[in-house]
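The sequence and model are shown below.

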Amino acid sequence: MARFSFGSLRAKLIFLVLIAVIPALILTFYTGLELRRQARIDALDDALDLAKKASDEKEQLIEKTHQLLVALAKMDQAIQCQSSGYSPFLAGLLKEYPFYTNFGVTGPDGQVICSALPMKQPVNLADREWFTRILRARKFTVSEYLIGRITGKPSIVLSYPIFTGTDHLKAVVFASLDLTWLNQIVAKAKIPPGSVVRVFDPKGTILASYPDPEKWVGRSMSDTPIVKTILTRQGEGTVEIAGIDGVLRLHAFTPLSDRKEVGAYVAVGIPSKVAFAEVNRILFRNLALLTLASILALVATWLFGGFFIMGPVNRLLNTTKRLADGDLTVRTGSSYPPGEIGQLARSFDQMADSLESREIERKRAEESLKQSEEKARQLAQENAVMAEIGRIISSTLDIEEVYERFAKAVAKLIPFDRIMINMINPEKNATSFSYIAGIDVPDRRVGDITPLRGTATFECMRTRSGMLIQPDDIEECLARFPALLPSFQAGLRSIMFIPLISKDQFIGAFSLRSLKPKAYTDQDMRVAEGIANQVAGAIANAQLYTERIQAEKERAAIQEQLRQSQKMEAIGSLAGGVAHDFNNLLTIIKGYSQLSMMELKEGGPLKGNIDEIQKAAERAAGLTRQLLAFSRRQVLEVKVVDLNTILRDLDKMLRRMIREDVELVTQLTEDLGRVKVDAGQIEQVVMNLAVNARDAMPSGGKLTIETTNVELDQNYARNHVAVTPGRYVMLSMSDTGVGMPPEVKERIFEPFFTTKEKDKGTGLGLSTVYGIVKQSGGNIWVYSEPGQGTTFKIYLPRVDELPEEAGEKVVQKELPGGGETILVVEDEEKVRQVTVQILTKNGYTVLEASQGDEAKQICEQHGGPIHLIVTDVVLPGMNGRQLAESLVSRYPEAKVLYMSGYTDNAIVYHGVLEKGLSFLQKPFNLEGLLRKVREVLDKT
């Protein structure tokens, strides 16, 4: 056995093994600390996730309770209960939703009037903070955590007010939310053994606990470190601290709800011992393995160091001495042991070889240097030209100028007789020539378009790579690329194609052509590819610049359309409100004037005056109808129609309306789609536009009416406000008149705006057209220039339903009467009086009421049958639709006639009358009322 010496290589190896163990030991401890830190983070993250989940589920439960209380507030059975206050309905609801402790209803004084649980004695909640808050806020309210007076359990009370009318508080419906959901969340989460989940109120009292709720719930723990920490931070956080039971845990906490009034916190704690148990086990195992590995390494170093290291080292020392003596032929041997010693031996042999070949290598180095200098010169020239092309491209967005200047720069690197740039159009499957310079080739000039198939450009697009065409056999080349025939006929023999690719999109090809055969090399291809990359970028920038300018123009146009649309909506709302109030006044004027006329003798002195009052009222009624049409407040009786049929029926009338010097031309598409509109309103649109066109052609001209089917796509919708893409029927009316300047065109749909002379029009014609088209779900656009005439284009949604047959109108000469019993419900007193008077004078038995509750009382007192209910749609309290449905359930034979001065959602949808309902538009006259009443009564 060799003698041990601290200076020997073997001793040093052993010492190195010991030193190597130290980093492993440090790494083991560091890894253990990192694992412990990560375990702590993971445990806190898991705890915080569980706390957040509890908070989120609680918040969702509050929102669901809000929706449930809103629904209960609308149910009459929610406040119906036994004399003891017990509500079977609420008790059934409590069984269906077990996570509530109780449902109940209080009066405005806080006295509980209904409860899902029996009450041993009366309970008043007026002193509860949440009840005080709902009286003040008058909306959905969430309480702090409290102990229920009926249930005796900790809970959250959620409440919602019930109003009578608009502002009178009738009752408060409430729900008590239990904390049992906490155990469900914990069961799903499967938290580690010894973990706790608890809920604290703002005072530190435990409201819920898992596990051992019976031990902890209700106890105040405000002095414990964990509770102090939670209440001090007042938000979300994590901490490692002793819990209320003294056990050290990793705690995570968060507010139980985003609502300030709840004010509670949920905390999740995982025992530190449990969280770090696996980490400690791994650390002890690693230390044991490291100790065993160190002992084995020391033994192996002592036993095998002499054989595998000392022997080869001694042989290498002998070889080194001979090399130092000048023997350059010496070698360590033909085989080398593995490892560093073998590499060192190989290095010695390589050094000897290097000395022998030094002169040869020196000569080779000189030759390589010359070649490098030549390549550097060529590269510098290429870079200079590339930089020049870059400056050209960045100096202007005019692509034509870029083409001209870069062609001159390219000529400095690659000689050519013709240069071309062609762009592709994938939709048309074609290629067009954007730039050409050099010798002329017939049929291949700027602007020419050729099919993409059969071209080298198509092959570049397919392969996305360049192509060098220098054929020995031209016929064979033409068989593959027939589109090159004009170039070969012009004498070109070498052609190089490079693809133009911008943002991974193939946009075209760049080509150089020469009259010389074999004129281009692979090096030329490489240079051309660099040029093509810059050209593609220039083309893309120019296209983006053009698209940006176009987009700015389109955005300005759309903003103007939106501004105009918003202005029209505002004016429409004002006009509709005025027309609504004015219609009631006109009903009174027309009714009483007609009743007065019936009392006057023929030739009486007041007859003429009242007749003028009636005429004025009719004109005023016409104005309100136009205002309602513009504001989209009129009631439409829509049906599926064919516009061509309407236009053919109007043909004779239109020809009489326009002058003889105006030519009327109709171009109607035979397979025109159908639309769902009010036919009478569409007739008014056509006649109003025809009159406007006639007045715009004082010296005669031509009026063209056209219909066709159109498809409006997404692009059209982006450029036109309020347009939905889809199938439409277009009605176009064009005249050859004086046209309109822009400042007039943008105001033509405003009510009372007119360019006509005084007393020549009301200024409501086009605003009426606008309102009818919009209420019919369509859009109208006007195109006009001074001296170029005007075109109105109306787009109405196309439907696939079959046209409806128009019923024949039965004209009765005499005013119809009857002896039936009619209930008139109208909140406007004067309108109600005149309606009752007209019906009474014509033989009907009339009952009258001003609102729904009064109408029900009158019906009960009447006791007899009611044949017809005439009701205003808008009434205080319940609306006319609700009143009619309530009464018809008691009088199944009763018919219903609704009347109103404007649209109301009770009987219409977007202004369209619901099918099967009868409606009388205000203002109505005596004859209109009597005929409509008779029509409804006689309806089977």
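## Salt bridges

A salt bridge is a side-chain nitrogen of Lys or Arg within 4 Å of a carboxyl oxygen of Asp or Glu. In this predicted model, Glu459, Arg462 and Arg480 are linked in a network of such bridges. Across the whole structure, a search finds 19 salt bridges. Side chains of opposite charge can pair when their charged atoms come close.

Another pair is formed by aspartate 440 and arginine 445, whose side chains meet with an N to O distance of 2.9 Å. Aspartate 440 is partly exposed, at a relative accessible area of 48%, and arginine 445 is also partly exposed, at 39%.

## Two pairs in helix H25

Helix H25 spans residues 926-938. Within H25, glutamate 935 and lysine 932 are three residues apart, so about one helical turn separates them. They form a salt bridge in which the closest N and O atoms are 3.6 Å apart. Glutamate 935 is partly exposed, with 45% relative accessibility, whereas lysine 932 counts as buried at 16%.

Aspartate 938 and arginine 934 also belong to H25; they are four residues apart, and therefore about one helical turn lies between them. Their side chains meet in a salt bridge of 2.9 Å, N to O. Aspartate 938 is partly exposed, with 47% relative accessibility, while arginine 934 is buried at 12%.

## Helix H23 and its surroundings

Helix H23 comprises residues 852-862, and its buried residues are Gly852, Ala855, Ile858 and Cys859. These residues lie on the same side of H23 because they cover an arc of only 120° around the axis. They pack against strand E24 (821-825), strand E25 (845-849) and helix H24 (880-890). The face turned away from this buried side carries the exposed residues Glu860 and Gln861.

Just after the helix, glycine 863 takes a positive phi of about 80°.

## Asparagine 422 in strand E11

Strand E11 covers residues 418-425 and includes asparagine 422. Asparagine 422 has a relative accessible area of 4% and is therefore buried. Its side chain makes a polar contact of 2.9 Å with the side chain of threonine 457.

Leaving aside neighbours within four places in sequence, the residues in contact with asparagine 422 include Thr431, Phe433, Ile507 and Ala509. Isoleucine 449 is 27 residues from asparagine 422 in sequence, and their C-alpha atoms are 9.3 Å apart in space.

Definitions and conventions: Residues numbered from 1 in each chain as written. Predicted model: local features only at pLDDT ≥ 70, side-chain atom pairs only at ≥ 80, totals over all residues. Heavy atoms only, no water. Buried < 20%, exposed > 50% of the residue type's maximum accessible area, 1.4 Å probe, protein only. Arc of directions from axis to C-beta. Contact = heavy atoms within 4.5 Å. Polar contact = N/O pair within 3.5 Å; in protein donor to acceptor, adjacent residues only side chain to side chain.
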